[in-house]
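Subject: A structure to look through

Dear colleague,

Here is the structure I said I would pass on to you. Please open it next to this message, and read the notes below slowly with the model in view.

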Amino acid sequence: MTTTTPPLDAAVASPVKTRRGRTSGEIAKKQLSSPWASLAAVVLAALWTLPTFGLLVTSFRPEADIKKSGWWTFFTNPTFSLENYQKVLGGSGSDNLAPYFVNSLVITIPAVLAPILIASLAAYAFAWMDFRGKNFLFVTVFALQVVPIQVTLIPLLSLYVNLGIAGTYWAVWLSHTMFALPLAVFLLHNFMREIPGELIEAARMDGAGHVTIFFKLMLPMLTPALAAFGIYQFLWVWNDLLVALTFAGSSKAVAPMTVALFNLTGTRGSAWQLLSSGAFVSIIVPVLVFVFLQRYFVRGLLAGSVKG
Amino acid sequence: MGITTTRRIKVASAAAAGLALVLTGCSSGGSSGSSSASSSADCSAYSQYGDLSGKTVTVYAGIVAPEDAAYIESFKPFEQCTGAKVDYTADKNFETQILVQAQSGNAPDLAIVPQPGLLKQLVATKAAKAAPAAVAANVDKWWGADWKSYGTVDGTFYAAPSGASVKSLVWYNPQKFKEAGYTVPTTLDEMAALTKKIADSGQVPWCAGISSGEATGWPITDWMEDFMLRIGGPKVYDQWVNHDIAFNSAVPTEALDGVGAYLKNPAYVNAGFGGVESIATTTFQDAGLGIPTGDCSMMRMASFYSSNFPTDGSVTVSKDGNAFAFYLPGQKADDHPVLGGGEFYLAFADRPEVQAFQTFLSTDTWANLKAKASSSITKGGWITANKGLDIANLVNPIDQLSAGILQDPNTVFRFDGSDMMPAAVGSDSFWKQSTNWITGQSTKDTLDKIEASWPKS
């Protein structure tokens with residue numbers, strides 16, 4: 001991870017040589033890889049992972065044991081059962097998470113792609129096009145970030161009811177897109193501003209219009225920022241309960257995993273032995289997304305946040 | 001790289017648009033025909049509702065799996081005989097969601113409302129519809145006047161009762177009681193004597209747990225309500241709930257001290273968990289698990305607790321099994337005050353099919369259908385105060401006991417007071433101050449603080 005430096009950063013940050021002839025990067029590398037730092041990192045990682053590990057162990061224990069003793073007793077008194085997963089993945093009743101899993105995917109994919117598409121176009125306009133009231137509009141968009149979701153719930157739902165789309169996927173897609181746009185526009189705008197103006201000008205001299213510049217020049221360079229924001233938005237939408245529950249409701253046709261997980265414990269919270277296995281079914285997709293895209297995530301987090 | 005990325009994004013956006021089209025196609029359909037469970041059922045009782053083919057009634061509730069299956073099953077005869085479709089959805093966030101939905105005009109046709117307090121709030125949104133005359137007539141016929149009054153707001157009758165629960169129960173272990181020669185108490189004094197006897201034998205008699213997420217403290221409010229009903233009687237109880245007497249007046253003080261004589265006595269609690277403080281950190285679900293094992297002798301908890309015992313066969317809930325409940329006795333053996341709860345069907349639409357379904361739900365026919373469905377699907381766990389309920393349709397001994405208590409003509413039923421008080425008290429300060437009380441705050445401070453939190457209006 002430390003060896004792959006994004007091309008853009010390399011271009012912007014010129015290595016500063018110290019008196020002893022070492023770059024600041026080398027010093028940082030040496031300091032960060034000291035055994036003490038490694039130890040601290042390992043301890044932190046272990047502490048961080050321990051609860052999740054406990055959850056994993058719990059999910060394989062029989063119901064009576066889960067309710068009677070802590071997961072650590074597994075090591076002195078190992079009992080193993082797949083019953084929790086059978087119920088959650090193949091159960092006959094509403095315990096079965098499979099249909100909700102599909103709903104979650106159906107909600108999440110458009111709700112991630114739509115804001116990225118709109119925001120990157122908007123960010124391009126804000127960054128490289130001149131029109132009247134541009135700064136005012138940009139500040140307005142950015143200021144919209146401070147509006148809390150909660151105050152918008154009832155007015156938005158009334159609108160959706162009038163449009164006749166309450167309780168459908170459309171309401172959820174639209175809401176997630178709306179809530180994501182301010183931050184997305186801001187992040188991508190800052191990232192695009194960092195691209196040297198000479199590049200754009202050179203492209204213009206060659207006769208490229210805005211469309212060509214956007215698709216042939218900007219998008220390839222934006223990949224890390226887009227991926228980072230995509231992961232961010234994916235995790236947010238996948239784990240969202242409030243927006244989906246309010247706008248789509250809890251019917252089996254549209255409700256995502258989070259709603260099903262929330263209901264899994266039963267009306268009076270007595271069936272919580274299913275929670276650990278349900279949680280793992282729900283975690284698996286974000287973990288996969290994160291593992292496969294994490295190099296973009298670390299790289300892209302810095303995108304747009306630090307000005308060179 | 002440039003070209004391939006461009007192409008990739010084009011493909012992605014095209015796919016997104018395509019996906020959107022496909023999915024909207026899916027979301028509107030997806031209704032499955034009801035399976036023929038009892039297709040040859042006798043439909044003559046349903047002719048009064050007329051032909052409702054092609055009509056749909058939506059029902060929204062906070063009752064989720066596995067209890068929801070029994071509701072859906074009990075609606076089937078109505079669906080088969082009238083042709084209407086009942087669409088049941090539920091989630092545990094019902095109590096906040098239904099308010100949002102009512103305010104934004106997205107309410108379901110029918111909601112199963114678990115508290116009279118919430119019912120009042122929903123009626124105040126002006127989205128609710130008063131119950132039709134046929135429902136009112138059914139409720140007059142099958143329920144007591146007290147039940148009808150819980151579904152009435154400002155003189156207008158809105159909601160017919162659905163299920164009920166009995167909270168004045170004490171869980172115990174009949175086998176252990178028999179071995180030790182204890183008998184089930186029939187007065188409060190006998191219960192105090194039994195408690196002392198068990199404590200003297202070296203056992204900690206009571207177990208309790210009040211931890212329940214943001215609702216932590218509610219089991220104590222139930223304890224106090226039960227003692228209010230017994231010490232003050234139903235009349236004073238009603239005054240207390242309506243705030244006609246102060247929360248920190250004499251009778252409530254006596255009632256909470258009465259609870260403290262059990263729950264704050266280190267010799268009497270908390271079997272299997274520790275001292276008095278451990279009550280605050282033990283979840284109510286876990287508190288009574290020591291009853292079948294014999295670690296704990298008694299726990300005051302509502303009838304629904306039976307669903308908390310492990311289902312691996314180690315627990316038998318019955319009169320001579322290792323877990324059962326007795327009625328929390330009154331001052332005298334003839335006194336039969338009962339604290340309980342229940343759900344109500346509130347309508348947000350007055351279309352003919354909704355009113356027909358509402359009427360069906362208020363009959364004894366549905367009560368028995370639901371009881372049978374619950375018996376076969378969740379092994380019971382559902383009762384109603386509908387006098388037409390045939391106890392033979394219940395399989396769970398606890399349900400039989402509870403339904404018997406509700407149908408007993410001597411019983412004086414009162415709804416759980418914290419569900420009727422304003423939310424600032426009933427689901428806030430009453431819970432929180434009760435929790436403080438169990439961790440050491442004095443009775444006087446506790447009641448003073450709850451009194452101070454009562455909304456002024």
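Between chain B and chain A of this predicted model, the count is three residue pairs in polar contact, both residues being at pLDDT 80 or more. A polar contact is a pair of N or O atoms within 3.5 Å, where within protein one atom must be able to donate a hydrogen and the other to accept it, and where residues adjacent in sequence count only if both atoms are side-chain atoms. The side of chain B that touches chain A draws at least two residues from each of helix H1 (2–28), helix H2 (67–82), strand S2 (85–90), helix H3 (94–103) and helix H13 (284–287) of chain B; here helices (H or I, at least four residues) and strands (E, at least two) are DSSP runs, numbered from the N terminus. The largest share of that side, twelve residues, comes from H1(B). Sorted by class, the side of chain B that touches chain A has 17 nonpolar, 19 polar and six charged residues, where Ala, Val, Leu, Ile, Met, Phe, Trp, Tyr, Cys and Pro count as nonpolar, Asp, Glu, Lys and Arg as charged, and the others, Gly among them, as polar.

In terms of contact (heavy atoms within 4.5 Å), 42 residues of chain B meet 36 residues of chain A. The size of an interface is often given as the accessible area lost when the parts come together. For chain B and chain A the buried area is about 3,400 Å², and carbon and sulfur atoms give 64% of it; this is the accessible area (1.4 Å probe) that two parts lose on being put together, summed over both.

Arg351(B) sits in the loop between strand S10 (337–347) and helix H15 (352–361) of chain B, and Asp109(B) in the loop between H3 and strand S3 (110–113) of chain B, so the pair ties together parts that are 242 residues apart in sequence. Arg351(B) is partly exposed at 32% relative accessible area, whereas Asp109(B) is buried at 8%; buried means under 20% relative accessible area, exposed over 50%, and partly exposed in between (1.4 Å probe, protein chains only).

A salt bridge also links Arg414(B) with Asp238(B), again with a closest N and O distance of 2.9 Å. Because Arg414(B) lies in strand S11 (residues 412–415) and Asp238(B) in helix H10 (residues 233–241) of chain B, this pair ties together parts 176 residues apart in sequence. Arg414(B) is buried at 15% relative accessibility, and Asp238(B) is partly exposed at 30%. Elsewhere, salt bridges that share partners join Lys167(B), Asp222(B), Asp226(B), Arg230(B), Arg300(B) and Asp416(B) into one network.

Asp200(B) is exposed at 58%, and Lys196(B) is partly exposed at 47%.

H2(B) has a kink of about 30° at Phe75(B), shortly before the proline Pro77(B); the bend at a residue is the angle between axes fitted to the seven residues ending there and the seven starting there. The buried residues of H2(B), among them Tyr71(B) and Phe78(B), pack against S2, S3, strand S6 (160–166), S10, H15 and helix H16 (364–377) of chain B.

Chain A has 14 helices and zero strands, and 43% of its 308 residues count as buried.

A note on conventions: residues are numbered from 1 along each chain as its sequence is written, while chains are lettered from A and ligands numbered from 1 in the order in which they are written. Local features need pLDDT of at least 70, side-chain atom pairs count only at pLDDT 80 or more, and totals for chains, interfaces and linings use all residues, while side-chain values use heavy atoms, with hydrogens and water left out.

With best wishes

Methods: A salt bridge is a side-chain nitrogen of Lys or Arg within 4 Å of a carboxyl oxygen of Asp or Glu.
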